Amino acid sequence: MPRILVVEDDKDLNRLISCCLRGEGHDITSAFDGEEALKYFGEGT
């Protein structure tokens, strides 16, 4: 399954999106702002 980076600053919405995608079998990494997302994206996680 694809690895997905979810970037959303609203924590409740981030959790909802992540939960739904995990339920479909995807590997999820969550970030809550652009700076954090770039860190994860650069690490390839």
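This is a predicted model: local features need pLDDT of at least 70, side-chain atom pairs count only at pLDDT 80 or more; totals for chains, interfaces and linings use all residues.
## Surface and overall form

The accessible surface of the chain comes to about 3300 Å², and carbon and sulfur atoms account for 55% of that area. Residues are numbered from 1 along each chain as its sequence is written, and side-chain values use heavy atoms, with hydrogens and water left out.

The C-alpha atoms of the chain fill a box of roughly 25 × 25 × 5 Å, taken along the principal axes. Of the 45 residues, 22% count as buried; the term buried means under 20% relative accessible area, exposed means over 50%, and partly exposed lies in between (1.4 Å probe, protein chains only).

## Order of the elements

The chain contains 2 helices and 2 strands, and along the sequence they follow the pattern β-α-β-α. Helices (H or I, at least four residues) and strands (E, at least two) are DSSP runs, numbered from the N terminus.

Among contacts in the chain with a separation of 6 or more, 43% come from residues 24 or more positions apart, where contact means heavy atoms within 4.5 Å.

## Helix H1 and its ends

Helix H1 covers residues 11-23. Its 13 residues should span 18 Å at 1.5 Å a residue, and its end C-alpha atoms are 18 Å apart, which agrees. The expected span is 1.5 Å times one less than the number of residues.

At the start of H1, a side-chain oxygen of aspartate 10 comes to within 3.1 Å of the backbone nitrogen of aspartate 12. After H1 comes glycine 25, whose phi is positive, near 95°.

Asparagine 14 lies in helix H1 and counts as buried because its relative accessibility is 1%. Serine 30 is placed in strand S2 (residues 27-31).

Valine 6 lies in strand S1 (residues 3-7), and it is buried because its relative accessible area is 6%. Leaving aside neighbours within four places in sequence, valine 6 is in contact with several residues, including Asn14, Ser18 and Ser30. The C-alpha atoms of valine 6 and leucine 16, 10 residues apart along the chain, are separated by 10 Å.

## Aspartate 33 and the charges

Aspartate 33 is found in the loop between S2 and helix H2 (34-43). Aspartate 33 is partly exposed because its relative accessible area is 41%. Its side chain reaches the backbone nitrogen of glutamate 35 at 3.2 Å. Aspartate 33 and aspartate 9 are 24 residues apart in sequence, yet their C-alpha atoms are 5.6 Å apart in space.

The chain carries 5 positive and 10 negative charges, whose mean positions are 6 Å apart. Lys and Arg count as positive and Asp and Glu as negative, while His and the chain ends are not counted. The place of a charge is taken as NZ of Lys, CZ of Arg, CG of Asp or CD of Glu.

Key: A polar contact is a pair of N or O atoms within 3.5 Å; within protein, one must be able to donate a hydrogen and the other to accept it, and residues adjacent in sequence count only if both atoms are side-chain atoms. Accessible areas come from the Shrake-Rupley method with a 1.4 Å probe; for residues, only the protein chains shown count as cover.
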